[in-house]
Amino acid sequence: MCYITTGLFYCKIYAVIRHHAKQMNALQQSAQNEDMANAARLRKTLVATFYVYLVFLVCYLPRFCTGVARMHGETPLLSLLSEFSYTCVYLNSSLNPLIYCWKMRNIRQTVKNTLQGIFSSLITEDYVQKMASTKGLYPILVANAVINALSSPASVVLNIITIQALRKTPSMPKTLKTLLLSLTVSDLGVGLLVQPMYVARLVIEIKQHTDNIVYHGVDIALTVQANILSFASYIGIVALTVDRFLAIHLHLRYQELVTHKRVVALVSSVWVSSGVIALLGQFSSRLILSAFQGTITIICFIITGIFYCKIYAAVRHHSNQIHALQAAQNEDMVNATRVQKSALATFYVYVVFLVCYLPIGCTGIAKSIAGTTFVSHLWYFTFTLVFLNSSLNPLIYCWKMRHIRQTVMDILQNIFA
């Protein structure tokens, strides 16, 4: 009833506005008086309220439709849509202020003045002193703290769902599943431990309390945790690449040579060695640790790149075989296609890893050669980019691995149902 009544009134309002518009055009040259200005102002407010009505209609109509549909029968899909329709209704409260600012000039100007007053009060003498003492680092520290504080929960949620999906995907080989679980656990550790610790260190630097024992404790804990997880990620990426290379080249001998027990032993040794290297790094200088970490990174990138070149050549060879034997699609050909798809998925993981980790290596080298202010500022963002890699990997698994994607969809449907 409310929808129909409001719609009828807006039809009448539209007719009146058209009539007023014709009057204003006819009298535009001879009677630009106060009445005409009031009529134009009234038209603008009516247009603004019409947009409010449209957004109200879009937000509340799904709730009404799902309610009517559920009266005729309850289904899992309707229950899921009903929950989303509630969210749509609640979003209406956030959209209305934006419409007021967009379509009502007086409100928009008042909001601008209010925000200017707020920000001008925040830029106090203390803020100026901080900006001067940190040589412009203050906004960079704040930006990185905000980005990591927002991406950390997303990384935790995405990687927990991915771990659960990997555990519930029986069709995936156990060796590949173990290597992906190791990589996902390291990503979860970044979101759960490293990013909050990094935010804490940035907050301490913002407040300029870098001389107390708390800052040094946070810095040591951050360094140890980040080194353990980064070394585990480096070697995990290489192990994942080598595993897909062997799966393509060994064919039937792969299951005989690459067993689940051997992969578990390899993963365990990777984590133990990462912990030992990270702890030993605390007893050496930062320069030696950075040089060692940079060397490991370069070696991992080179080895992984070489193996992916060989994988690409093997995939091209197998593709030609598949086209030649397209009439005889037996189990071996199906398995070869499945291995190729998993190799392609791990290649995307490697590319994203390269994009996220390469900048920190380049800026580290530039910082050791010539520590300019720009390089120092860029150094903070490269850390944030490294940590964002933990949020991107689960998205790649869902995008390029059909079994994981289907399991994740089932998990999310169960959660919302």
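This is a predicted model: local features need pLDDT of at least 70, side-chain atom pairs count only at pLDDT 80 or more; totals for chains, interfaces and linings use all residues.

Residues are numbered from 1 along each chain as its sequence is written, and side-chain values use heavy atoms, with hydrogens and water left out.

The structure holds 3 salt bridges (a side-chain nitrogen of Lys or Arg within 4 Å of a carboxyl oxygen of Asp or Glu). R201, E205 and D219 form a salt-bridge network. E205 meets R201 at 3.5 Å, N to O. Both sit in helix α7 (residues 174-206), 4 residues apart, about one turn of the helix. Helices are DSSP runs of H or I, at least four residues, numbered from the N terminus. R201 also pairs with D219, with the closest N and O atoms 2.9 Å apart. D219 lies in helix α8 (residues 213-250) and R201 in α7, so this pair ties together parts 18 residues apart in sequence. R201 and D219 are both buried (under 20% relative accessible area, 1.4 Å probe, protein chains only).

R244 and D243 form another bridge, at 2.7 Å between the closest N and O atoms. R244 is buried at 3% relative accessible area, and D243 at 4%.

Now the surface. I147, F374, L378 and F381 make a nonpolar patch of about 360 Å². Its residues have over 30% relative accessible area and no salt bridge, with nonpolar side chains (Val, Leu, Ile, Met, Phe, Trp, Tyr) joined within 5 Å. Areas come from the Shrake-Rupley method with a 1.4 Å probe. Helix α13 (residues 373-400) gives the most, 3 residues. I147 is found in helix α6 (residues 137-167).

Technical notes. Patches are made of residues with over 30% relative accessible area and no salt bridge: like charges are joined within 9 Å, nonpolar side chains (Val, Leu, Ile, Met, Phe, Trp, Tyr) within 5 Å. Helices (H or I, at least four residues) and strands (E, at least two) are DSSP runs, numbered from the N terminus. Buried means under 20% relative accessible area, exposed over 50%, partly exposed in between (1.4 Å probe, protein chains only).
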